[in-house]
Amino acid sequence: MCGIVGFTGKTQAAGFLLEGLERLEYRGYDSAGIAVLNDNNLTVCKTTERIKNLTEKTNGGKDIHGTTGIGHTRWATHGEPSDRNSHPHLGGKGKVAVVHNGIIENYLEIREFLEEKGVQFTSQTDSEVVAQLLEYCLGLDEVHCMQDAIYMVLHRIEGAYAFGIVCADDPERIYAARKDAPLLLGYGDGCNFIASDVTALVKYTRDVSYMEDGEVAVLTCDSIQVYNAME
């Protein structure tokens, strides 16, 4: 079962992400990756080996700077285990990164729609369509912010999902959404978290809440706000 972690705070994110992923290793995985925001830059590192390899590639996270990020461990469903199929997935402009647990049932329909618009895909996964669709929606005149784009995407996709989302143009926030797949919020001191399993957070906080179906959460280092995206 795939795993999600996310951190936004005033300290470096990569170290927490790597440690959180290690705590989720018991769930099993065939690939792993992290995406970290630093100002308006997005750095992604992935591996099809053990998380230890990801830790070594990033010097224990010290080589990846930034205080907001997301991470993921994946079991392959759509597409074989590979760097291009592993999470986080990016939109074509490299502005949006997404980690996803669950299955997007209408991903082929969305992929075909986006390909007709000139979007080029790099993976075989259903999850990449979410990142690409988010970037597409961000370019629409009626979309004024990341939250608008997320609502538009959630009303378009069908299936089960837990999402962690970051955007290079919004570098101090994590967005989270859930439907039929577990995702929880962790409340810290000057930092906040998302995770698919409380095991990833117990070292840092015991103050957690479980998201409900249809909810979207917006996390900064100082606050967590939760909205109903289905209204």
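Biologist: How do the axes of helix α3 and helix α4 cross, and at what angle?
Modeller: In this predicted model, the axes of α3 (residues 107–116) and α4 (residues 128–138) come within 10 Å, with a crossing at roughly 45 degrees. That makes α3 oblique to α4.

Biologist: Okay, and is that crossing left-handed or right-handed?
Modeller: Left-handed, for α3 and α4.

Biologist: Which residues meet there, between α3 and α4?
Modeller: On the α3 side you've got Y107, I110, R111, F113 and L114. They meet V129, Q132, L133 and Y136 of α4.

Biologist: And how many nonpolar, polar and charged residues does the contact of α3 with α4 have?
Modeller: Seven nonpolar, one polar and one charged.

Biologist: Switching to strands. What order do the six strands of the open sheet come in?
Modeller: Going across, the order is β5-β6-β7-β8-β12-β13, and the pairing is antiparallel.

Biologist: Which ones are the edge strands?
Modeller: β5 (89–90) and β13 (224–228), since each of them pairs on one side only.

Biologist: Let's stay with β5. How many bridges does β5 have with β6?
Modeller: Two bridges, in the antiparallel sense, and β6 covers residues 96–104. If you want a spot to look at, find H89: V98 in β6 stands opposite this residue.

Biologist: Back to α4, then. Which strands does α4 lie across?
Modeller: α4 lies across β5, β6 and β7 (159–167).

Biologist: At what angle does α4 run to β6?
Modeller: About 130 degrees. So in this model α4 has contacts with α3 and also lies across part of the sheet, including the edge strand β5.

Notes:
Residues are numbered from 1 along each chain as its sequence is written. This is a predicted model: local features need pLDDT of at least 70, side-chain atom pairs count only at pLDDT 80 or more; totals for chains, interfaces and linings use all residues. Side-chain values use heavy atoms; hydrogens and water are left out. Axes are lines fitted to C-alpha atoms, for helices over the stretch in contact, and angles run from 0 to 180 degrees between N-to-C directions. Helices (H or I, at least four residues) and strands (E, at least two) are DSSP runs, numbered from the N terminus. Angles under 35 degrees count as roughly parallel, over 145 as roughly antiparallel, 65 to 115 as roughly perpendicular and the rest as oblique. A crossing is left-handed if the near helix is turned anticlockwise from the far one by less than a right angle, and right-handed if clockwise. Contact means heavy atoms within 4.5 Å. Ala, Val, Leu, Ile, Met, Phe, Trp, Tyr, Cys and Pro count as nonpolar, Asp, Glu, Lys and Arg as charged, and the others, Gly among them, as polar. Two strands pair if DSSP finds at least two bridges between them.
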